[in-house]
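I opened a new notebook page for this protein. My plan is to look things up one by one and write down what I find.

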Amino acid sequence: MTAPTTAPEVPGAPDAPETPDASGASGASGRGRWIEHWDPEDEGFWERTGRRVARRNLVLSVVSEHIGFSVWSMFSVLALFMGPEYGIDPAGKFFLVAVASLVGAALRVPYGFAVARFGGRNWTVVSAAMLLAPTTALLVVMEPGTSYTTFMLVAVLTGVGGANFASSMTNINSFYPLRLKGWALGMNAGGGNIGVAVVQLAGLLTIAVAGAARPRLLLAAYLPLIVVATVLSARHMDNLASVRNDTGAAREAARDRHTWIMSFLYIGTFGSFIGYSFAFGLVLQSQFGRTPLQAASLTFIGPLLGSLVRPVGGRLADRLGGARVTLWNFGAMTGAAGIVVAASVRESLPLFITGFVVLFVLTGLGNGSAFKMIPGIFRARAREAGLAGEAAAVRARRLSGASMALIGAVGGFGGVGINMALRQSFVESGTGTGAFAVFLGYYVVCAVVTWAVYMRRGVGGVRGAGV
């Protein structure tokens, strides 16, 4: 086997690609790890070296994305620490978490395309290190007497945590073959999503042990974790040269109508997951009169279960077809939303929690199945263009990765919509009933769109092609 060669480092010079070894993947470590040849659809290559390299990058991607989600959702937890002494009413708290959601969604577009510009490993290092800024800022300002404007500015900073999802998913999509994308993307996203539940559990522990007056303990715990994630990404992740500087894929993906159809559907799945994750504790406090400790003891359950089942949704989509699983899932979400509406009208806390937890689980399943659909759609589109074999696989990887950045961003905006709808509902009626009814209607529309475009015979151009 030929040993990998690494060019000498020149201070201040850009990272140069490394020469791969005979297995097709670079084995060198340190600055500028680049893999020149990557063909996961080749089963021989995959078994020899691809699986091992892909799994290593997946694990480290999950670590970084997990902490990013925790930072992004930090205000949903800190809102439970903000008692009357902070002078912020429920509408103001909903607006803070909506701002964090908005910025995270908007930044997903440049983050997703940064992988093609800088490399997946390189951008993971940068994006992980950037989490230090909002965490440190929160550590400084989190006390009574801080102005609402200051909290708003820090909420903007926390948005960088939500943006990590786009670059992470775009990167991992390129490492895995089509037959395993549902599972791999589900594991990557589920491991990241669970960061919401973990920070909520950490918040519960902090309130239970130190009381609601000590939010800085929670923030201080995350600073060393961010440093560890940054260092591990720098030392052990890889860049794929095949996706570098492929900025033209973004324009192609943006022109494809399926990017925007899937964006609409992803608002219903991921937008619901992140929106409910941010809002659940506030609704329990504002509508059902729960104390910070009581609310914190319940808020983590839904995000935890929704995150854990996301890989299950991807695996089911691998076996049964993403469109079929997504359609069934939207039907079930409609029923669960109906339970939430009824519970809100009757002011039944047990029924409300039951309906909400079921809804969380279904958002996780739908997240996994919807993201599995994306590679299959673009593989079918490549075949429509007359491509076959490796050429079709390469085109599908290019466009599905770029499409994921846009779809992930639009889905994140769904979280903004949920929190703004709840804010308005509470301003007008003091409950979230009106907002929950709107969400139910959206799920009905999503089910109709999924059936009409991806399930009805002869429509959509991609039916039955692994979608």
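**Entry 1: the overall build**

How many helices and strands does the secondary structure of the protein come to? I counted 17 helices and two strands. Helices (H or I, at least four residues) and strands (E, at least two) are DSSP runs, numbered from the N terminus.

I noted the ground rules next. This is a predicted model, where local features need pLDDT of at least 70, side-chain atom pairs count only at pLDDT 80 or more, and totals for chains, interfaces and linings use all residues. Residues are numbered from 1 along each chain as its sequence is written, and side-chain values use heavy atoms, with hydrogens and water left out.

Then I looked up burial. Of the 467 residues in the protein, 59% are buried. Buried means under 20% relative accessible area, exposed over 50%, and partly exposed in between (1.4 Å probe, protein chains only).

I also checked contacts, meaning heavy atoms within 4.5 Å. Among contacts between residues at least 6 apart in sequence, 80% join residues at least 24 apart.

**Entry 2: the nonpolar cores**

A nonpolar core is a set of buried Ala, Val, Leu, Ile, Met, Phe, Trp, Tyr and Cys residues joined through side-chain atoms within 4.5 Å. Which residues touch the most other members of the largest nonpolar core? They are F352 and L422, in a core of 107 residues.

I listed the contacts of F352, leaving out residues up to four places away in sequence. F352 touches F280, V283, L284, F288, V340, A343, S344 and F436.

**Entry 3: a cavity**

I searched for cavities of 30 Å³ or more and found four. On a 1 Å grid over the protein atoms alone, a cavity is a set of points where a 1.4 Å probe fits but cannot get out; lining residues have an atom within 4 Å of a point. Grid points are joined across faces, edges and corners, and a volume is the space filled by probe spheres set on the points.

I picked the second largest cavity, with a volume of about 70 Å³. Which residues line the second largest cavity? I wrote down S61, S64, E65, V115, G120, W123, T124, S127, N164, S167 and S168. The lining divides into two nonpolar, eight polar and one charged. Here Ala, Val, Leu, Ile, Met, Phe, Trp, Tyr, Cys and Pro count as nonpolar, Asp, Glu, Lys and Arg as charged, and the others, Gly among them, as polar.

Helices α1 (43–72), α4 (120–129) and α6 (148–175) each supply at least two residues of this lining. Helix α4 gives the most, with four residues.

**Entry 4: aromatic pairs**

A pair of aromatic rings is described by the distance of the centres and the angle of the planes. Rings of Phe, Tyr and Trp (its six-membered ring) pair if their centres lie within 6.5 Å; planes under 30 degrees apart count as stacked, over 60 as edge-to-face and the rest as tilted. The structure holds 33 such pairs.

Why is the pair of F69 and F165 edge-to-face? The ring centres are 6.1 Å apart and the planes are at 85°, so the pair is edge-to-face. F69 is in helix α1 and F165 in helix α6, 96 residues apart, and the pair links distant parts of the chain. Both F69 and F165 are buried.

F165 also pairs with F270. Their centres are 5.6 Å apart and their planes at 15°, so this pair is stacked. It links distant parts of the chain too: F270 is in helix α10 (residues 257–288), 105 residues from F165. F270 is buried, as is F165.

**Entry 5: single residues**

Is V199 buried or exposed? V199 is buried, because its relative accessible area is 0%. V199 sits in helix α7 (residues 181–210). Its C-alpha atom is 7.1 Å from that of M74, 125 residues away along the chain. Beyond four places in sequence, V199 touches S70, S73, M74, V77, L218 and Y222.

S307 has its place in helix α12 (residues 301–308). S307 is buried, since its relative accessible area is 2%. Not counting residues up to four places away, S307 touches G190, N193, I194 and F273.

With 60% relative accessibility, E347 counts as exposed. E347 has a positive phi of about 55°, although it is not a glycine.

Technical notes
1 Å grid on protein atoms, 1.4 Å probe; cavity = no way out; pocket = protein on both sides within 12 Å on 5 of 7 lines; lining within 4 Å.
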